[in-house]
Amino acid sequence: MKKEIVIPIISAFICLILGSASGFFSMAGPDQWYADLVKPTWNPPSWIFGPVWTILYLMMGYAAGLIHQSNHPLKNSALAVFGLQLLLNLSWSFIFFRFHHPGFAFLEILMLWITIIWTFKKFYSIQAKAAWLLFPYLLWVSFASILNASIWQLNAA
């Protein structure tokens, strides 16, 4: 394997493991809270989230690995912003699924969305390919933000 893809591949799998662990540990188990929520008619089926997030985490991690192996002077600040957005990403599941707070989760996902854009800009200044690997993630989080807001609104009591 070429040396220049080893770090991005390792980074991709680390990101996937962190994302998977967050999803696993944030689920409250067999409680009915999410199942009982009123959801919009355009809510995707549950089975789609796992494959989508798997692809997105792999792409995010690969992008971070590309930045990590660069010699650009802004690489550390770009990776710090990436780390912040990853922390926000992982936190959302806990806020929404574990603590059952769709309103607070919506505010948090808006911060995540802004931080993804910030990460995109930082990555783009170093390597455009790494930034564009984050674009599907930005689109999915945009959709997830609207879904979160809709669930919050439909279940406000």
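Two residues are in contact when they have heavy atoms within 4.5 Å of each other. The structure above is a predicted model, in which local features need pLDDT of at least 70 and side-chain atom pairs count only at pLDDT 80 or more, while totals for chains, interfaces and linings use all residues. Residues are numbered from 1 along each chain as its sequence is written, and side-chain values use heavy atoms, with hydrogens and water left out.

Begin with Phe123. Leaving aside neighbours within four places in sequence, Phe123 is in contact with Ala63, Ala64, Ile67, Ala78, Leu79, Phe82, Ala128, Ala130, Ala131 and Leu134.

A nonpolar core is a set of buried Ala, Val, Leu, Ile, Met, Phe, Trp, Tyr and Cys residues joined through side-chain atoms within 4.5 Å; buried means under 20% relative accessible area, exposed over 50%, and partly exposed in between, with a 1.4 Å probe and protein chains only. The largest such core has 38 residues, and Met60, Phe123 and Tyr137 have the most contacts inside it. Two or more residues come from each of α1 (3-26), α3 (49-68), α4 (75-98), α5 (102-126), α6 (128-132) and α7 (135-154). Helices here are DSSP runs (H or I, at least four residues), as strands are (E, at least two), numbered from the N terminus. With nine residues, α4 gives the most to this core.

Helix α4 also holds Gln85. Is Gln85 buried or exposed? Gln85 counts as buried because its relative accessibility is 1%. Beyond four places in sequence, its contacts are Met60, Leu112, Thr115, Ile116, Thr119 and Tyr137.

Tyr137 is one of the buried residues of α7, which also include Trp140, Val141 and Asn148. Among the elements that cover the buried residues of α7 are α2 (33-36), α3, α4 and α5. The expected span of a helix is 1.5 Å times one less than its number of residues. The 20 residues of α7 should therefore span 28 Å, and its end C-alpha atoms are 29 Å apart, which agrees.

A pocket, found on a 1 Å grid over the protein atoms alone, is an open set of points with protein on both sides within 12 Å along at least five of seven lines, where a 1.4 Å probe fits; lining residues have an atom within 4 Å of a point. The largest pocket has a volume of about 680 Å³, the space filled by probe spheres set on the points, which are joined across faces, edges and corners. Of its 26 lining residues, Phe49, Trp53, Trp92, Ser93 and Phe97 are the closest to the centre. Helix α7 supplies the largest share of the lining, six residues.
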